[in-house]
Amino acid sequence: MSRIGKLPIQIPAGVTISQKDNVVTVKGPKGELSQYVDPSIKMNVEDTQIIFEIDENSPVNYKQKQAFHGLYRSLVNNMVVGVSQGYSKTMELVGVGYRVSNQGNLVEFALGYTHPIFIQLPPEVKVETKSERNQNPIITIESCDKQLLGLICAKIRSFRMPEPYKGKGILFKGEVIRRKSGKTAAAK
């Protein structure tokens, strides 16, 4: 059995869970999410917790069932946390002249290219930008879907990946870039 799969998920107040045809739907104050669960995993919803068990009669091999056990427990746990508390990521733009602004869910980046970059975020994502004098511009993204939030952050980061020579790029708040010395330092 999976060590993660054995752990029960606590259901917070205000969150409802329904299951129909191997699709789990979780509703809460921050939104609604649904996820397919493989038939080789049984999900039991009790009063205040969810327990996942491996179906021994399933034709899937045992190693695959163990992997599914931990996977679907983690996915459903992320959904429960997302609809009750939500997820948030903060990124900062490090570089001279780098700017970010938003109008609703349309975000505009000025990252040193000859043109601005626009990205339209989905409606279930909330975005907030902040630009202060003598500070790096900051973009905060919030969502109830952890997977969607990660995809959006990866896409935004791909516009200007952090580079080790000058330390410029789009970084997560608090991230430290390992700096490299250039050619002139190596020649001495």
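Where does proline 29 lie? Proline 29 sits in the loop between strand 3 and strand 4.

1. **Ground rules.** This is a predicted model, in which local features need pLDDT of at least 70 and side-chain atom pairs count only at pLDDT 80 or more, while totals for chains, interfaces and linings use all residues. Residues are numbered from 1 along each chain as its sequence is written, and side-chain values use heavy atoms, with hydrogens and water left out. Helices (H or I, at least four residues) and strands (E, at least two) are DSSP runs, numbered from the N terminus. Two strands pair if DSSP finds at least two bridges between them.

2. **Proline 29.** Proline 29 is exposed, with a relative accessible area of 64%. (Buried means under 20% relative accessible area, exposed over 50%, partly exposed in between, with a 1.4 Å probe and protein chains only.) Leaving aside neighbours within four places in sequence, proline 29 is in contact with Gly14, Val83 and Ser84. Contact means heavy atoms within 4.5 Å. Asparagine 78 is 49 residues away along the chain from proline 29, and their C-alpha atoms are separated by 15 Å.

3. **The sheet 2-3-4.** Three strands make an open sheet in the order 2-3-4, with antiparallel pairing. Strand 2 (16-20) and strand 4 (31-36) stand at the edges with a single partner strand each, so one side of each has no neighbour in the sheet. From one strand to the next, the twist averages 15 degrees. (Axes are lines fitted to C-alpha atoms, for helices over the stretch in contact, and angles run from 0 to 180 degrees between N-to-C directions.) Strand 3 (residues 23-28) pairs with strand 4 over 6 bridges. Threonine 25 has serine 34 in strand 4 as its bridge partner.

4. **Asparagine 22.** The loop between strand 2 and strand 3 holds asparagine 22. Its phi is near 60 degrees, a positive value in a residue other than glycine. Asparagine 22 is partly exposed, at 29% relative accessible area.

5. **The sheet 1-6-5.** Another open sheet has 3 strands in the order 1-6-5, again with antiparallel pairing. Strand 1 (9-10) and strand 5 (41-45) are at the edges, each with a single partner strand, so one side of each is left without a neighbour in the sheet. Strand 1 is joined to strand 6 (residues 49-54) by 2 bridges. Glutamine 10 stands opposite glutamine 49 in strand 6. Helix 2 packs on this sheet, touching strand 1, strand 5 and strand 6, and its direction makes about 165 degrees with that of strand 6.

6. **Helix 2.** This helix also lies across strand 2, strand 3 and strand 4, running at about 175 degrees to strand 4. The 23 residues of helix 2 (residues 62-84) should span 33 Å at 1.5 Å a residue, and the end C-alpha atoms are 33 Å apart, which agrees. The expected span is 1.5 Å times one less than the number of residues. Buried residues of helix 2 include Lys65, His69, Arg73, Val76 and Val83. After helix 2 comes glycine 86, with a positive phi near 90 degrees.

7. **Aromatic pairs.** The structure holds 2 aromatic pairs. In one of them, the rings of phenylalanine 68 and tyrosine 72 have centres 5.6 Å apart and planes at 50 degrees, so the pair is tilted. (Rings of Phe, Tyr and Trp, its six-membered ring, pair if their centres lie within 6.5 Å; planes under 30 degrees apart count as stacked, over 60 as edge-to-face and the rest as tilted.) Both residues lie in helix 2, 4 residues apart, about one turn of the helix. Phenylalanine 68 is buried at 17% relative accessibility, and tyrosine 72 is buried at 8%.

8. **Hairpins.** Strand 8 (residues 99-103) and strand 9 (residues 106-110) run antiparallel and are joined by 5 bridges. Their hairpin has 2 residues between the strands, and glycine 104 in the turn has a positive phi of about 70 degrees. Strand 9 is joined to strand 10 (residues 117-120) by 4 bridges. That hairpin has 6 residues between the strands, with glycine 112 at a positive phi near 90 degrees.
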